[in-house]
Amino acid sequence: MLLSIYHKLPPSLRSVAASAHGYYLRGLRYSRETERLVRQAIEQEQWTQAEWADWQQQRTADLLRHARLHVPYYRNYWAEQRRNGNQTSWDYLENWPILEKSVLRKTPRAFVADECKDKLFLIQTSGTTGTPLQLWQSKKALIEWYALVEARSRRWYGVTGQDRWAILGGKLVAPVQQRRPPYWVWNAGMRQLYLSSYHISPQSTAAYVAALQDYRVKYLWGYTSSLYSIAQGMLAQKIKAPELKVVITNAEPLHDYQREVMEAAFRCPVRETYGMAEMAVAAGECEHGSLHLWPSVGLVEVLDGERKLAAREIGDLVCTGLINADMPLVRYRVRDRGALAPTGTECACGRSLPMLKALEGRTDDLIYASDGRSFGRLDPILKGTLPIRELQFVQEELDAVQVKYVPADGFSSQTEIELTHRIRQYLGDFTVRMVAVDRIERSANGKFRQVVCLLPADRRPSIHRQVTPR
């Protein structure tokens with residue numbers, strides 16, 4: 001109802017409403033402690049690996065003790081273990097059960113600690129499927145989180161939260177049916193131009209770029225797919241780039257072909273970030289292209305089922321959040337896949353933070369073959385000069401895939417033949433059905449999924465080999 005009322009407001013009043021909410025968020029996320037926490041985070045980037053290991057070990061031990069005693073879900077779990085005669089010690093993280101997102105979604109209150117010293121705020125995420133995930137976070141946790149964001153998603157790139165900035169996100173700041181700009185609102189509370197990700201098209205590209213210039217935006221943040229779409233339109237229409245210091249991607253993986261197009265269009269560095277509302281893991285890309293984890297956010301394991309994988313091996317990311325003790329998530333399978341760099345790997349940037357060697361997106365975003373293979377990153381198929389704006393793989397059967405594509409200028413029947421050939425080169429003996437569309441549908445939160453696997457769980461091979469491009 002509130003959204004409907006908001007959409008009926010004239011654009012100027014929408015910005016007033018957005019600004020009022022922005023001032024509320026600023027008061028929630030920042031305090032007089034923020035700058036001290038930012039400086040502390042920057043100083044910790046020079047810690048040794050041993051210092052980080054000691055810090056995480058102590059913080060994890062405190063968290064496990066707190067969760068066993070004060071969090072209903074975990075307290076009940078360990079009581080059940082004792083009743084069943086299981087003497088496994090709770091002191092060791094590997095003895096704790098892996099928490100699946102479906103369990104957290106079904107019983108979120110069971111993960112909230114009994115005695116919370118601070119008032120908790122309910123955060124709801126729509127999730128890729130639109131099924132909400134309820135999270136409770138204290139102001140203390142939010143302030144710690146946003147201080148890290150300031151330190152490692154802004155200061156690394158020479159910008160701050162005091163600069164005027166823009167974000168391309170999934171909030172419906174303009175009605176979807178609106179066909180003329182503005183497709184944005186100005187949020188004075190956050191010094192933020194919030195751009196809709198639902199109105200991007202070749203016809204609207206110039207308006208988006210003009211808004212960045214008119215509002216004197218210094219840096220741009222947003223969904224990778226949305227930024228990529230605007231960049232494509234800028235290059236195709238030869239639109240002059242706004243004066244930006246950096247473009248920062250989030251919420252979706254950043255592929256090499258997307259980075260190349262975005263840097264050519266915006267004429268500034270493009271940096272990738274990784275994080276989530278659950279505050280279980282986060283990472284940011286440094287100026288030398290390494291994706292550094294933020295160890296104070298969470299402890300990261302890479303597993304194949306329940307088997308721990310070695311460095312460089314790609315598997316499920318299972319994370320223990322270390323910031324939000326009021327709703328602790330222990331060994332939480334975040335439904336993303338990746339690989340850790342070997343311990344002690346050094347980066348030219350000089351920071352000692354550990355690194356992700358690879359990040360491949362959601363575990364659901366895999367294509368499966370009947371012989372047990374699975375295919376993760378499919379972006380190499382698009383490398384080159386194929387005139388295609390967007391591409392999405394949808395699997396409903398083993399050894400078959402539907403490929404939805406949005407053709408760009410210069411697309412021909414020969415392009416489709418070449419694309420089909422590349423797909424079969426990569427996937428092997430698959431049935432490939434090509435479907436031309438005007439636009440790839442986004443999920444409920446506005447995010448773009450390049451691969452959508454609709455195979456029921458019982459039809460997916462239980463043992464599979466991850467295939468990655470070389």
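## Lining of the largest cavity

By class, 5 nonpolar, 3 polar and 3 charged residues line the largest cavity; here Ala, Val, Leu, Ile, Met, Phe, Trp, Tyr, Cys and Pro count as nonpolar, Asp, Glu, Lys and Arg as charged, and the others, Gly among them, as polar. A cavity is a set of points, on a 1 Å grid over the protein atoms alone, where a 1.4 Å probe fits but cannot get out, and lining residues have an atom within 4 Å of a point.

The lining comprises 11 residues, of which Y228, Y257, E390, L391 and F448 lie nearest the centre of the cavity. Two or more lining residues come from each of α9 (224-237), α10 (256-266) and β18 (388-397). β18 gives the most, with 3 residues. Helices (H or I, at least four residues) and strands (E, at least two) are DSSP runs, numbered from the N terminus.

## Basis and confidence

This is a predicted model, in which local features need pLDDT of at least 70, side-chain atom pairs count only at pLDDT 80 or more, and totals for chains, interfaces and linings use all residues. Residues are numbered from 1 along each chain as its sequence is written, and side-chain values use heavy atoms, with hydrogens and water left out.

The mean pLDDT (the predictor's confidence in each residue, from 0 to 100) of the chain is 89, and 92% of its residues reach 70 or more.

## The second largest cavity

E278, M279, G321, L322, I323, N324, M327, P328 and L329 line the second largest cavity. This lining divides into 6 nonpolar, 2 polar and 1 charged residues.

Terms used
On a 1 Å grid over the protein atoms alone, a cavity is a set of points where a 1.4 Å probe fits but cannot get out, and a pocket is an open set with protein on both sides within 12 Å along at least five of seven lines; lining residues have an atom within 4 Å of a point.
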